[in-house]
Amino acid sequence: MNLFCTGLSHHVANVETRERFAGHAEIDCVLRRAGCSEALLLNTCNRVEVYGASDKIIGTEEIARCLARNNGNQLAGDFSEFYRYEGADCARHLFRVTSGLDSMVVGETEILGQAKKAYELARTSGAAGPYLHRLFQRAFRVAKLVRTHTEITRGPVSVGSVAVELAEKIFGDLANCKVMVLGAGETSERTARALLSHGVTDLRVSNRSPGRGANLAQIVSGRAIPFEKWPEQCREIDILITSTSSETSLLSRKSLKSILRERTDRPLFIIDIAVPRDVDPDVNALDGVYLYDIDSLQSIAEQSLTLRRQQVSAAEAIIAQHVAEFGASLSRGLSRSRPSDEHPISESSLRPSEL
Amino acid sequence: VERYLLVISTVCFLAAVGRTIFELRTGVFRPMRFNFFVIGLGFIFQTAFLSVRGHALGRCPLTNLPEVFIFLAWSVALIYLLVGPVYRLSLMGAFTAPLVVLLQGFALTGPVNQHHRSRLPANPWLEFHASMSLVAYGAFALACIAGVMYLVQERQLKTHHLHSIFYHLPPLTDLFAAITRLLWFGFALYTLGLASGFLVGQPLPWLQAICAIGVWLLYAAILQGRHLRRLAPKRVAALCIIGFSAALTLLWGITFSGQMSSLP
């Protein structure tokens, strides 16, 4: 039996090319026209791949024609960007994909959920048989092992997720945190949404233009606060997100010091996304105040990415071991497969996806 | 046999230290199971040592400086095993183990095999006073460790340089809640220990008593400052370290002067 994978990813093809082959790709087409005995389509924003098992060798062009959005016959010679892996290389590729090593953001975990969905779809439609079953169950196991035994998913990698991670390291449970968004910018909205998705319920929005402030407050299920009243709110809030277009600093060390006297001694986390900055950098020196500007947030995201990249070799070692085992079992045939390989890994055993 | 029990116990705690250092160096840090397991194992051997020694002496094994340090290390491990899982402070094990290794290492280099059975007759109030005070010291030690963890976490958050350990340290608010509870727990036990010291029925060593009251006043001031919100959490964390250092110095002074006065 010939086990193979062919497709396009963000590494080899731009989005225009990928979308030409991801329109209404139907796995039935691959099964019927190309002559696969088993096939599975993994279609995400960064990749479109077909995993298949067949008695005869099926050409990449044949598969690509099935994936083409328009008439595949008009795409002659346009298949050069397709890659193809067979046997153990196919397993290696899938193990790397499900472990997040082949992703645009190394270590992202969303791909594993997408692979599981694709597998489930192929299984229920009857397109996935014993070969793909073995391959994907092993891939899910490997992905879990990589996550458990390396730090490949460690650390936040976007501004929003860095803000959430820091807030959780200061306050623990975010459910009781009071958040104020100052300025209705796009990044502050994204950051506020990230905090909301992690349990924040008390969100206040203040903007120079009351209309935009009220609009954002409505979008994020928050409360609009008149702009002239935002300093008063600093006595109550735990997290302040600022992104106004003010030319001068809105919050100085002196003004915050007087506000802090009226606060209980809960910490104050300030996320200053504005350029020029809304908050005087000296504020960070005050006890219990943690100030992060856009550069420091991005720097932490970069640190996390670096940490993840350092873990790639450890992850590759785990994958290599499993590729060897899978290759050996493949050459022995499926009849002698170990029962443990057949147990699917449940969704509940996985960590929540990265933001 | 006693010495071997102590050596095995120390090796267990040393394993936790070694594992922590190794994992920190490799950037993969999972303190949960291993540290808790080896510290639990070390605690069993500590208990066995104290039990064997207690039977041999016919009293609470607090007759010399090494025994006092081993009892203190036992108290630290006991409170860690009780407090760690409750407050999800498993990482505390990474900080607890070095302190225990230090205390037991010191005990092993000292005259741990020397018994003073004949010179120090059993006195229930004295034993209650000593054991209560040492368990209180254990709580203060854990508060000190939580204080170190707080300051490490706070420093990383202030400077924006997040090390691998950052992701494994508990949130600041949780750490501070643990510090406060440990301080109250230790303070209550220390008060009991101090009060029972006046019931021993022997002439009071006034210098030691004044120092002990000084330590009691220091912790009372920390708790009062916290209660009135005059002390910021960071200062409380720093004072926990200072307080425990003072308490440890006092403990050493008491035991050392006790040994000197019991010499023929």
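A residue counts as buried when its relative accessible area is under 20%. In this predicted model, B:Ile145 has a relative accessibility of 5%, so B:Ile145 counts as buried. The residue sits in helix H5 of chain B. B:Thr96 lies 49 residues away from B:Ile145 in sequence. In space, the C-alpha atoms of B:Ile145 and B:Thr96 are 6.8 Å apart.

Helix H5 of chain B spans residues 124–159. Its packing partner here is helix H6 of chain B, residues 172–197. Two packed helices are described by the angle between their axes and the distance between the axes. For H5(B) and H6(B), the angle is about 160° and the axes are 8 Å apart. Angles over 145 degrees count as roughly antiparallel. H5(B) and H6(B) are therefore roughly antiparallel to each other. Their crossing is left-handed. By class, the contact of H5(B) with H6(B) has 26 nonpolar residues, eight polar residues and one charged residue.

Chain B as a whole has eight helices and zero strands. Along the sequence, its pattern reads α-α-α-α-α-α-α-α. The chain has 264 residues, of which 53% count as buried. Contacts in chain B were also sorted by separation in sequence. Among those between residues at least 6 apart, 81% join residues at least 24 apart.

Chain A contains both kinds of element, with 13 helices and ten strands. Buried residues make up 54% of its 355 residues. Of the contacts in chain A with a separation of 6 or more, 74% are between residues 24 or more positions apart.

One helix of chain A illustrates burial. Helix H3 of chain A covers residues 60–67. Six of its eight residues are buried, so the helix is largely enclosed by the rest of the structure.

The average pLDDT of chain A is 84. A score of at least 70 is reached by 88% of the residues. Residues 335–355 of chain A stay under 50 in pLDDT. For this stretch, the model has 46 contacts beyond four places in sequence. Where pLDDT is low, the predicted coordinates should not be read in detail.

Notes
Residues are numbered from 1 along each chain as its sequence is written. Chains are lettered from A and ligands numbered from 1 in the order in which they are written. This is a predicted model: local features need pLDDT of at least 70, side-chain atom pairs count only at pLDDT 80 or more; totals for chains, interfaces and linings use all residues. Side-chain values use heavy atoms; hydrogens and water are left out. Axes are lines fitted to C-alpha atoms, for helices over the stretch in contact, and angles run from 0 to 180 degrees between N-to-C directions. Helices (H or I, at least four residues) and strands (E, at least two) are DSSP runs, numbered from the N terminus. Angles under 35 degrees count as roughly parallel, over 145 as roughly antiparallel, 65 to 115 as roughly perpendicular and the rest as oblique. A crossing is left-handed if the near helix is turned anticlockwise from the far one by less than a right angle, and right-handed if clockwise. Ala, Val, Leu, Ile, Met, Phe, Trp, Tyr, Cys and Pro count as nonpolar, Asp, Glu, Lys and Arg as charged, and the others, Gly among them, as polar. pLDDT is the predictor's confidence in each residue, from 0 to 100. Contact means heavy atoms within 4.5 Å. Buried means under 20% relative accessible area, exposed over 50%, partly exposed in between (1.4 Å probe, protein chains only).
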